[in-house]
Amino acid sequence: MDFKLGAKEEKVFYSVIGNMRDLKTLNNTIPKITASGYLARKKEENRNIIRELQSDIDTHSSRKEFDLYAKQTYLDNIIRGGYPITFKSNTSSTVFYLYSRKHGDLERDYNKFQLQPVYLSQGNGNYRDMNQNQRSDIWFNPDIADESIINFLSLIQTDGFNPLVIKGANFTLTDEGQFRKSLKNIAEEKYTEKIMDYLKKPFTPGEIIFFIEENKIRLKVSYDEFLNILLGSSLKHQEAEHGEGFWTDHWTYNLDLLENFLGIYPEKLKEIAFEKRVFTFYDNTEIVKPRKEKYILKDELIKQLHSIAPDGSKRELIRKRSSQPHLVRTQYGLGEIYQTTLFNKLLCLLANKLASLDPFGIGIEMEANKPNWFDALNGLPALFGSSLCETFELKRLILSLRYILDNYEQDKIKVTEEIYKFLNNLNNLIKDCRNASSGDRDYKYWNDSYALKEDYRLKTKLGLSGNELEVEVSDLSAIFENALEKVSSGIAKALDKEKNIFPSYFFYKVTEHQVIKDNFIRPIKFKQVKLPLFLEGQMHALRLSENIQEAALLHKATRKSALFDKELKMYKVTAPLKSMPEEIGRCRVFAGV
C-alpha cells in the first residue's frame, strides 16, 4: 500500500474478520464488502438488531441509569445464554437459541469461541452460563414453555453431575412421510429427492438454508415457513461434551427454571412433573473415582487429587452406538434409550447430593476436581473442600419435591429402581444418624453414605436396568421429611449464632488415616477449617428465609460484617483471605489483604 497524507488529512482503514464457506464465495463477495458505505450500513444494521433485542426489556423509570442497566444486562444474558426464537407448525413448536457464545465476552480469546458460520448461528457455551442466563427467558417469551427445563435436566447424569460444554442443537427428520407430502406444496417436485437425501443426516436450521441457496432450490414459501414445516417433522438433539471436571453448583439453576416455569404455568405442574416422559440422562465417558483411588498422601500432605477419569468400558459402549450415543440406555447400556419424568430426575439429584454432605454434615463436598460458582476457589477440591451454598440449594430441592408431591393426586408413583433403592438406603442412614449418641455420627453418615453412592455409581456406570418401582407416596413423603431435617440441622450447625451470619466454604484436614495401598489412604478423622465470609452464602440463605424478620436480620448482619465496604457503600464478594493458605485457589492472591 502506497499513499501520502498531507497536513490534517486522514486515511481510514477497516479490518474485516469473518468466515466464508469457500474461496469462490469469498472472491465473489469482495466487491460488495469493499463498496463505499457497505461497512457503515452493516454497522448500523448491527445497532438496529441490538435495539430490537433490547426492546423486550424496554424500561422507563425515574432513573435513566437503571433503564440503561436493564437493557445492558438483558443483552449480556443474550450473549451468554442465547436468544430464543420459536418455529411453529400445525402440530408442534420448536424453540431454538441464537447468538450464544462462551462466557459472552469476545475479548477472552482463551475461550475458543465456536460460532457457526451459517444463518441462525449458535455458539458453544458452558452449562452454568447458558442455564443461569436462560432462567428468566420465559417471562419475556412464554412460548418457551418447558423447553429449557427438558434440555438442561436431560443433561444431568445418573451421578448427579453434567457435561460442561453445551455445543448447540441439531435436528433429525423423524416423520419422513409427512414432510415428503408437505414438500409438494413448498418446493418444485424436481428438488424433492435432493432435499430428502440431505435430510438423512442431522442438520441445523442455518445449514439447511445454506444448502437450499447453494443448490439454487426455489421455494414456494419463505425460509421461516419452510423451517416451521420441517422442524415440525423433526426431533431436536441438544449436543454437549464433557469438557473438564464437575462443578458442585451447576444442577441448582434447574430449580430456577422450574420455579419460573410454574410462575407462568402453575396449572401445568402435574404435566411437567409426572406426565411428560421425555427426560433422559446424559451418558458421559468420564466418571468420578471412588475414594480409594483419589485420597492420596503426597509430600507429607493428604489431598484429594485427580478425581475424574475416562472409563474405557463406557467409552467403547458409547462409541458403538449409531445414534444419540450420549443418552443412557436400559439393560445397563445395551437396551433402549431410557426416558423418564422430571420427578425422577429430581429424585436422582436428591439422592446424589444427600450422599455428598461433608464429614461434619454441613457443606456439599467438592468431590470432582472443581469448586462451585466461585471458580477462583480452584484449590479447594484438593483440600476436601465443601460449600454451604449448595446445601441451601439441596434444602430448596427437598422443599420443591415436597410441594410437587403434595399436589400429586394418587397413592403410588413410579420411581427408577436404582434411584429409589439408593434414596431409601440413605433414608435409613439418616434415621440411624439421628438416633446415634456418639460424637462421630456425622463422620459415620459421611462414610456410609459415600459408600452407598460409590455402590450406586458402580451399578449404574453403564446404564440403568429400566425397571421402575411403584412406591407409596407416603413413603416418599417420609423420606423428604427426614432429608429436610438432616439438611436443616447441618445449616443450623453452620450458623454463627453470635453474628447471625453464615460461612460459605470449608476445607478439611485429615488428622488420622489408614494406608490402603501405596500412597492411597482412608481418612479416619477430620478437622474443619472455615474460610472467611463470602457474600454468596448469605444470598442462598436469604432466598430460604422463612419470613421477612429472618431476612432482615441476615441483611443487617451482612452489612455489619467485613462483606460490606462502609466507605464505598458496596458489598464485597469475600472478606479478606489473608488468613488462608494459598492452596485454596487463585482468589487468595487477589483477595489476600
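The questions below move from pockets to cavities, and then to a helix, a strand residue and the cores.

Q: Which helix gives the most to the lining of the largest pocket?
A: This is a predicted model in which local features need pLDDT of at least 70 and side-chain atom pairs count only at pLDDT 80 or more, while totals for chains, interfaces and linings use all residues. Residues are numbered from 1 along each chain as its sequence is written, and side-chain values use heavy atoms, with hydrogens and water left out. The largest pocket holds about 2,200 Å³ of space, and its 46 lining residues include Ile17, Gly18, Asn19, Lys42 and Val118, which lie nearest its centre. With nine residues, the helix that gives the most to this lining is H2.

Q: Which strand supplies the largest share of the lining of the second largest pocket?
A: A pocket is an open set of points on a 1 Å grid over the protein atoms alone, where a 1.4 Å probe fits, with protein on both sides within 12 Å along at least five of seven lines, and lining residues have an atom within 4 Å of a point. The second largest pocket has about 1,200 Å³ of space, and of its 40 lining residues the closest to the centre are Asn151, Leu235, Lys236, His237 and Gln238. The lining divides into 15 nonpolar, 19 polar and six charged residues. Its largest share, seven residues, comes from strand S5.

Q: How many residues does S4 give to the lining of the largest cavity?
A: A cavity is a set of grid points where the 1.4 Å probe fits but cannot get out, and the structure holds four of 30 Å³ or more. The largest has about 140 Å³ of space, and among its 14 lining residues Tyr97, Gln122, Met130, Gln134 and Gln238 lie nearest the centre. S4 (165-173) is one of the strands that supply at least two residues, and its contribution, the most to this lining, is three residues.

Q: Why does Ser93 count as partly exposed?
A: Ser93 has its place in strand S2 and touches Thr86, Phe87 and Lys88, with residues up to four places away in sequence not counted. Partly exposed is the range between buried, under 20%, and exposed, over 50%. Ser93 therefore falls in that class because its relative accessible area is 41%.

Q: How many residues does the largest nonpolar core have?
A: A nonpolar core is a set of buried Ala, Val, Leu, Ile, Met, Phe, Trp, Tyr and Cys residues joined through side-chain atoms within 4.5 Å. Leu347, one of those with the most contacts inside the largest core, is in contact (heavy atoms within 4.5 Å) with residues including Leu401, Val415 and Phe480, leaving aside neighbours within four places in sequence. Apart from this core lies another of 26 residues, among them Tyr198 and Leu231, whereas the largest core has 87 residues.

Notes:
Points joined across faces, edges and corners; volume = space filled by probe spheres on them. Helix = DSSP H or I, 4+ residues; strand = E, 2+ residues; numbered from the N terminus. Buried < 20%, exposed > 50% of the residue type's maximum accessible area, 1.4 Å probe, protein only. Nonpolar A, V, L, I, M, F, W, Y, C, P; charged D, E, K, R; others polar.
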